[in-house]
Amino acid sequence: MASIFSKIIVGEIPSYTVAESEHFYAFLDINPLAKGHTLVVPKEEVDYFFDLSDHRLGELQIFAARIARSMKQVTNCKRVGQAVLGFEVPHAHLHLVPMNSTSDLDFSRPKLQLSSEEMSQIAEAIALNL
Ligand code: 5GP
């Protein structure tokens with residue numbers, strides 16, 4: 001069965017798109033730790049991030065770095081943190097989170113409730129600034 005992220009990649013489930021390439025898709029996390037929190041996923045279905053091939057991992061990191069640079073400018077944060085969790089969705093993905101302090105990358109913190117307008121606006125701003 002296709003993972004929820006594969007359904008998002010093909011547009012069966014809507015998402016706020018940040019970037020797309022032949023092998024990767026980036027979109028806003030629906031339960032963000034911070035405004036602009038983005039997930040970067042490979043289009044191939046691999047459960048655990050570090051089971052991706054070295055080649056794909058390298059490509060994904062370069063793809064993610066472009067997005068992180070754009071996120072930093074658009075959100076005016078001090079750093080963009082990245083994390084691999086994967087406890088909820090068994091489709092490899094990287095979290096990119098705008099940060100102003102270490103605690104901003106604490107995934108046990110309550111998530112933000114943003115309107116669809118705010119989500120669209122931030123996704124578009126990051127995308128346009130790539
Ligand atoms: P993890 O698997 O890394 O522990 O967490 C998966 C992440 O994916 C969570 O932060 C969760 O909010 C996000 N997520 C789960 N389902 C969806 C979805 O349908 N759409 C979007 N945009 N994000 C999702």
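The legends below describe close-up views of a predicted model.

View 1. Five strands, written here as 5 strands, form an open sheet in which the order is E1-E2-E3-E5-E4 and the pairing is antiparallel. Strand E1, covering residues 17-20, and strand E4, covering residues 79-83, are the edge strands, and each of them pairs on one side only. From one strand to the next, the twist averages 20 degrees.

**View 2. The pairing of strands E2 and E3.** Strand E2, made of residues 24-28, pairs with strand E3, made of residues 38-42, in the antiparallel sense and over 5 bridges. Within this pairing, Tyr25 stands opposite Val41, a residue of E3.

**View 3. Two helices on the sheet.** Helix H2, which spans residues 54-75, packs on the sheet and touches E1, E2, E3, E4 and strand E5 (94-99), and the direction of H2 makes about 25 degrees with that of E5. Helix H3, which spans residues 116-128, also packs on the sheet, where it touches E1, E2 and E3, and the direction of H3 makes about 30 degrees with that of E1.

**View 4. The crossing of helices H2 and H3.** The axes of H2 and H3 come within 8 Å and cross at roughly 120 degrees. An angle of 65 to 115 degrees would count as roughly perpendicular and one over 145 as roughly antiparallel, and H2 and H3 are therefore oblique to each other. The crossing of the two helices, H2 and H3, is right-handed. On the H2 side the contact is made by Ile67, Ser70, Met71, Val74 and Thr75, and on the H3 side by Ile122, Ala125 and Ile126. Sorted by class, the contact of H2 with H3 has 6 nonpolar residues and 2 polar residues, with no charged residues.

View 5. The structure holds 5 aromatic pairs, and one of them is formed by Phe5 and Phe27. This pair is edge-to-face, with a distance of 5.4 Å centre to centre and an angle of 80 degrees between the planes. Phe5 lies in helix H1, made of residues 4-9, whereas Phe27 lies in strand E2; the two residues are 22 residues apart, and the pair thus links distant parts of the chain.

Key: Residues are numbered from 1 along each chain as its sequence is written. This is a predicted model: local features need pLDDT of at least 70, side-chain atom pairs count only at pLDDT 80 or more; totals for chains, interfaces and linings use all residues. Side-chain values use heavy atoms; hydrogens and water are left out. Two strands pair if DSSP finds at least two bridges between them. Helices (H or I, at least four residues) and strands (E, at least two) are DSSP runs, numbered from the N terminus. Axes are lines fitted to C-alpha atoms, for helices over the stretch in contact, and angles run from 0 to 180 degrees between N-to-C directions. Contact means heavy atoms within 4.5 Å. Angles under 35 degrees count as roughly parallel, over 145 as roughly antiparallel, 65 to 115 as roughly perpendicular and the rest as oblique. A crossing is left-handed if the near helix is turned anticlockwise from the far one by less than a right angle, and right-handed if clockwise. Ala, Val, Leu, Ile, Met, Phe, Trp, Tyr, Cys and Pro count as nonpolar, Asp, Glu, Lys and Arg as charged, and the others, Gly among them, as polar. Rings of Phe, Tyr and Trp (its six-membered ring) pair if their centres lie within 6.5 Å; planes under 30 degrees apart count as stacked, over 60 as edge-to-face and the rest as tilted.
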